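Good morning, colleagues. Please look at the sequence and the structure together while I take you through them.

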Amino acid sequence: MKRAVFVLSSCICSLLISFVVYSCASAQADPKTHTVEIKDMKFVPESITVNKGDTIIWINRDIMPHDVTEETSKAWTSSVIPAGGSWKMTVTEAADYYCSIHVVMKGKIVLN
Amino acid sequence: MKNFKKLVYSSMIALAFITVFNIDSFAQNPKLTDPEIASVAVTANQIDIDYAVIAKEKSKNAEVLKFAETMTNDHKAVIAQAVALVTRLKVTPKGNAVSQKLLSDAAETGKALRAKSGKAFDKAYIDNEVAYHKAVIAAVSGLLIPQSQNAELKGLLEKVLPALNTHLAHAEMVQKDLK
């Protein structure tokens, strides 16, 4: 009898632990995809707040080429995004970025 | 006293520069038709591409060369859009007093730029880019957009305006760095 109670308790505990682990994983939320439009020589929105692991897609709506380049150490760059083109990146850290073609165009990635 | 002399000297240089690079092609505020506006728009863009060609030939400054490359690519993109639009609208750009004045002023400016070299060239080129973009922005917003009859032509000019403002800000940044 004691053994049966022990086995049953163990099963319930395992189920509870599984549920808690699953809930925590779900609470971190699935990665999302955000959009930044490049239009009228601006990044719109200029500042975007995302979770680590989310993806940002930049869409060039202007008639001239642009790029998206990390500003401080040029750690990453999209290379040239032609008019009508797009580029996406999975975010691993916050960053200030700019268009290295039109150096006065600036944007910011903020992490939650 | 030294500072005063320096100030007088700088003012004389500035005055000489303004005299050489006087941009008054748009000053008379004439009435323009859509084919004439298309001609002015294409001419104004081509002139800045031509200035960039001179810069690429004469400058060794990386920042100036990068700016010139951006001007070449952006103004080519604008001309391509304008050509596509007038082709679609079956409009033939028509030369006029404004586009002719732009060309004659540009020929004079080009000549003055070619006569310079080194840092003096870089400064003259960028100073001209600042002045030229200011003049073109004023003309596009105060003359070409208000007088455009065709909505698509007006839309294209409105779309170009933010690019011109960005070019001006970029030129002013390079101008500051050259000082």
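Let me begin with a definition: two residues are in contact if their C-beta atoms, placed from the backbone, lie within 7 Å. By that criterion, among contacts in chain A between residues at least 6 apart in sequence, 48% join residues at least 24 apart.

Some conventions are needed. What you see is a predicted model, in which local features need pLDDT of at least 70 and side-chain atom pairs count only at pLDDT 80 or more, while totals for chains, interfaces and linings use all residues. Residues are numbered from 1 along each chain as its sequence is written, and chains are lettered from A and ligands numbered from 1 in the order in which they are written.

I turn to confidence in chain A. The pLDDT is the predictor's confidence in each residue, from 0 to 100. Its mean over chain A is 86, with 75% of the residues at 70 or more. Residues 19–26 of chain A have a pLDDT below 50, and beyond near neighbours in sequence this stretch has zero contacts in the model. Where pLDDT is low, the predicted coordinates should not be read in detail.

Next, the architecture of chain A. Helices (H or I, at least four residues) and strands (E, at least two) are DSSP runs, numbered from the N terminus. Chain A has one helix and eight strands, in the order α-β-β-β-β-β-β-β-β from the N terminus. Strands pair if DSSP finds at least two bridges between them. An open sheet of four strands in chain A has the order 3-8-7-5, with mixed pairing. Strand 3 (47–50) and strand 5 (69–70) of chain A each have a single partner strand and stand at the edges, so one side of each is left without a neighbour in the sheet. Strand 3 of chain A pairs with strand 8 (residues 106–111) of chain A in the parallel sense, over four bridges. Opposite A:Leu111 in strand 8 of chain A stands A:Val50.

How much of chain A is buried? A residue is buried if 20 or more other C-beta atoms lie within 10 Å of its own, exposed if 12 or fewer, and partly exposed in between, with C-beta atoms placed from the backbone. Of the 112 residues of chain A, 22% count as buried. A:Ile56 counts as buried because it has 20 C-beta neighbours inside 10 Å. Leaving aside neighbours within four places in sequence, the contacts of A:Ile56 include A:Ile48, A:Val50, A:Met89 and A:Ile109. A:Ile56 and A:Met89 are 33 residues apart in sequence, yet 5.5 Å apart in space, C-alpha to C-alpha.

UniProt, in an unreviewed entry, places the feature "domain: DUF4142" at residues 33–173 of chain B; its positions are given in the numbering used here, feature names are shortened, and annotations may be inferred rather than shown by experiment. Over residues 33–173, chain B is 88% helix and 0% strand. The buried residues of helix 3 of chain B include B:Phe67, B:Met71 and B:His75. Their cover includes helix 2 (34–58), helix 5 (118–147) and helix 6 of chain B.

Finally, the interface: 13 residues of chain B are in contact with 11 residues of chain A. Helix 6 of chain B gives the largest share of the chain B side, seven residues.
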